[in-house]
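Thanks for coming, everyone. Let me put the structure up, and then we'll go through its salt bridges and its cavity.

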Amino acid sequence: MQALRWHGVKDVRMEQIEEPTALKGKVKIKVEWCGICGSDLHEYAAGPIFIPKDAPHPLTQEQAPIVMGHEFSGQIVEVGEGVSRFKAGDRVVVEPIYACGQCVACKQGKYNLCEKMGFLGLAGGGGGFSEYVAADEHMVHKIPDSVSFEQGALVEPSAVALYAVRQSQFKVGDRAVVFGAGPIGLLVIEALKASGASEIYAVELSPERRAKAEELGAVGLNPAEGDVVDDIRRLTNGGADVSYEVTGVPVVLTQAIQSTKLSGQIMIVSIFEKEAPIHPNLIVMQERNIAGIIGYRDVFPAVISLMEQGYFSAEKLITKRIALKDVVSEGFETLMREKSQVKILVSPNL
């Protein structure tokens, strides 16, 4: 089958590889749609970050080249021995976290913090930028007929957003600011709406992405047009209850800190490629606190339920649909070049 494999920085290749089979405890999924994630772009432009290059991943025993893609939906075509919750024909998405089940974090149920944690599509095990994927039964979630396959490809990134809001100190009626209106930032806006935010501000340079944030119900702010921290403090009468940093840009982290109120919180959602220096007094003198999240845990069912209610809309967030064979030129390179793009979906069936 055709699959996209990461070999190195700016070196991803469409290759013919062996089609996976549904071994014991696994289901074989025909991929319908797979989204290009910010993590995929980081790996393409500056990796390896999560991809094991010099040694096999401790859980998958795989190393580069590996098949990419972890935001995908599809239909089960085969079930392996011992699988009881699924059958051929089921419409599904995959929660792509690998965890050892033995470390301190896993024993506490915090499987996303596993000391050996990896992602299917980044650490091995196949990936959604292919025709078929074989995944462990416990990683798979059914989606109802009312949730399209395109919508299903948004479950994984939406889980990041909902988990970020759930893990923060945000409460119903609070005011929030989101720094960065890329795909995850826009989904954080949706999660904040679903969670009862009274006001949401979106800080974004791209006029197209800022307009998309406004379409989703946020107040768009252009950081190039003035002091965005002063604007937020004025609009919120002292600062937001919680700010969400979703850019991975060092200077923006400082802005996110300064934009929160006394005892406010800064939730770091992005992955940083380089160190971000901050002055500790920005935290100490205002009794603010900083938290961060990686991935998600125990939120896929809630995301799917919210999608049935109309949140995390595919129509509002998907800006381009492309064939698997065009994923580099029309996908990765387009996202690197065109900040007007939000979410690009890839299908092996086009």
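First, a term: a salt bridge here is a side-chain nitrogen of Lys or Arg within 4 Å of a carboxyl oxygen of Asp or Glu. Now the ground rules. This is a predicted model, where local features need pLDDT of at least 70 and side-chain atom pairs count only at pLDDT 80 or more, while totals for chains, interfaces and linings use all residues. Residues are numbered from 1 along each chain as its sequence is written, and side-chain values use heavy atoms, with hydrogens and water left out.

How many salt bridges does a search of the whole structure find? It finds 17. I'll show three of them.

Start with lysine 325 and aspartate 326. Their side chains meet in a salt bridge, at 3.2 Å from N to O. For accessibility, buried means under 20% relative accessible area, exposed means over 50%, and partly exposed lies in between, using a 1.4 Å probe and protein chains only. Lysine 325 is exposed, at 62%. Aspartate 326 is partly exposed, at 24%.

Salt bridges can also share partners. Lys87, Asp90 and Lys142 are joined that way into one network. Within it, aspartate 90 pairs with lysine 87, and their closest N and O atoms are 3.0 Å apart. Lysine 87 is exposed, at 51%.

The salt bridge here is 2.8 Å, N to O. Both residues sit in helix α5, residues 183-194. Helices are DSSP runs of H or I, at least four residues, numbered from the N terminus. Glutamate 190 is buried, with 3% relative accessible area. Lysine 193 is partly exposed, at 32%.

Now the cavity. On a 1 Å grid over the protein atoms alone, a cavity is a set of points where a 1.4 Å probe fits but cannot get out, and lining residues have an atom within 4 Å of a point. The count is one cavity of 30 Å³ or more. Which residues line it? They are Ser39, His42, Glu43, Ile49, Phe50 and Ile271. That lining divides into three nonpolar, two polar and one charged. In this scheme Ile and Phe count as nonpolar and Glu as charged.

That's my tour.

Key
Helices (H or I, at least four residues) and strands (E, at least two) are DSSP runs, numbered from the N terminus. On a 1 Å grid over the protein atoms alone, a cavity is a set of points where a 1.4 Å probe fits but cannot get out, and a pocket is an open set with protein on both sides within 12 Å along at least five of seven lines; lining residues have an atom within 4 Å of a point. Grid points are joined across faces, edges and corners, and a volume is the space filled by probe spheres set on the points.
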